[in-house]
Amino acid sequence: MLNDMQLRVLFFGVLRDHFGPEEVLEQFPGTNVGDLVRYYRVLSPELGPLWEKIAVAVNQQYATASQELSKHDEVALLPPVSGGAPSPIELTHDVIDAKKITDALKADEDGAFTVFDGIVRNNTRGRQTLFLEYSAYDAMALAQMQQLAAEAIAKFGVRDVAVVHRLGRLEVGETSILIAVASAHRGAAFEACRWLIDTIKKQVPIWKKEHFVDGAVWVDGEPFPEAIVPTV
């Protein structure tokens with residue numbers, strides 16, 4: 001049965017890529033939040049496990065699946081964005097504790113677990129490195145990392161992802177970025193991990209300054225994708 005609702009439905013993160021920023025849903029087969037999520041899940045089954053982690057807000061308040069919807073409600077579908085344990089997505093000035101992060105992420109249902117540990121090396125093209133200095137457009141960088149983590153889960157069907165990037169001064173041998181991926185299968189875990197580091201380096205606004213014994217330079221990053229660079 002189609003019910004006349006005229007809901008304003010908002011989409012965020014990876015959901016926005018599939019449905020656009022918002023739509024007015026005049027009718028759908030159901031009456032509550034759970035029915036609405038099932039409706040969109042049928043429309044985009046390729047998002048797979050991500051649907052199990054969607055939160056919903058009704059009129060800017062988190063809602064349960066059983067909450068009834070009313071005409072003209074504003075409903076927001078929210079993919080995972082939390083940087084909390086056990087799957088941190090965060091920027092930090094502290095030393096990255098790889099063991100703590102990976103131990104918290106692992107679960108009994110995982111058949112594969114991949115880790116990318118980016119480490120400060122002691123030289124670049126023959127020049128001795130003293131230390132690195134990372135800076136970021138913090139709010140945007142964190143939002144981008146959260147979105148990419150959610151997208152990796154949907155795109156590769158992995159169970160969970162952790163991404164932690166260090167900021168500030170880093171000494172030789174310290175971890176600059178840690179990416180961990182938990183999955184039932186090794187192929188998906190490897191692919192998601194590689195895709196995450198490659199995409200983060202291209203899209204997330206984090207910059208690196210390398211300090212040598214004979215000077216310092218800002219490192220040229222990979223170019224942004226053409227789609228996000230405005231034409232001037």
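Is Glu-52 buried or exposed? I started there: Glu-52 is exposed, at 57% relative accessible area. For my own bookkeeping, buried is under 20% relative accessible area, exposed is over 50%, and partly exposed lies in between (1.4 Å probe, protein chains only).

Ground rules before going on. I am looking at a predicted model, where local features need pLDDT of at least 70, side-chain atom pairs count only at pLDDT 80 or more, and totals for chains, interfaces and linings use all residues. Numbering runs from 1 along each chain as its sequence is written, and side-chain values use heavy atoms, with hydrogens and water left out.

**Entry: salt bridges**

I found 11 salt bridges in the structure; the term takes a side-chain nitrogen of Lys or Arg within 4 Å of a carboxyl oxygen of Asp or Glu. Glu-52 pairs with Arg-41 in one of them, with the closest N and O atoms 2.7 Å apart. This pair links distant parts of the chain: Arg-41 sits in helix H2 (33-43) and Glu-52 in the loop between H2 and strand E3 (55-58), 11 residues apart. I noted Arg-41 as partly exposed, at 33% relative accessibility. Helices (H or I, at least four residues) and strands (E, at least two) are DSSP runs, numbered from the N terminus.

Next I went to Arg-159. Its side chain meets that of Glu-109 in a salt bridge, 4.0 Å from N to O. Arg-159 lies in the loop between H4 and E10 and Glu-109 in the loop between H3 and E7, so the pair links distant parts of the chain, 50 residues apart. Asp-110 also forms a salt bridge with Arg-159, and here the closest N and O atoms are 2.7 Å apart. Asp-110 is in the loop between H3 and E7, 49 residues from Arg-159.

Arg-159 is partly exposed at 23%, Glu-109 is exposed at 55%, and Asp-110 is buried at 17%.

**Entry: helix H3**

Which residues of H3 (98-105) are buried? I get Ile-101, Thr-102 and Leu-105. They cover an arc of only 90 degrees around the axis, so they lie on the same side of H3; the arc is taken from the directions from the helix axis to the C-beta atoms. Lys-99 and Lys-100 are exposed on the other side. Looking for cover over the buried residues, I listed strands including E7 (112-119), E10 (160-166) and E12 (175-183), with contact meaning heavy atoms within 4.5 Å.

**Entry: helix H4**

I compared the span of H4 (138-156) with expectation: its 19 residues should span 27 Å at 1.5 Å a residue, and the end C-alpha atoms are 27 Å apart, which agrees. The expected span is 1.5 Å times one less than the number of residues. Buried residues of H4 include Ala-141, Met-145, Leu-148, Ile-153 and Phe-156. Their cover includes strand E6 (89-92), strand E9 (127-136), E10, helix H5 (186-203) and strand E13 (206-212). Just after H4, I see Gly-157 with a positive phi of about 70 degrees.

Met-140 is also found in H4, and I logged Met-140 as partly exposed at 39%. Tyr-137, Met-140, Trp-207 and Trp-218 make a nonpolar surface patch of about 480 Å².

How values were computed: Patch = residues over 30% accessible without salt bridge, like charges linked within 9 Å, V, L, I, M, F, W, Y side chains within 5 Å. Areas by Shrake-Rupley, 256 points an atom, 1.4 Å probe, with all protein chains shown as cover.
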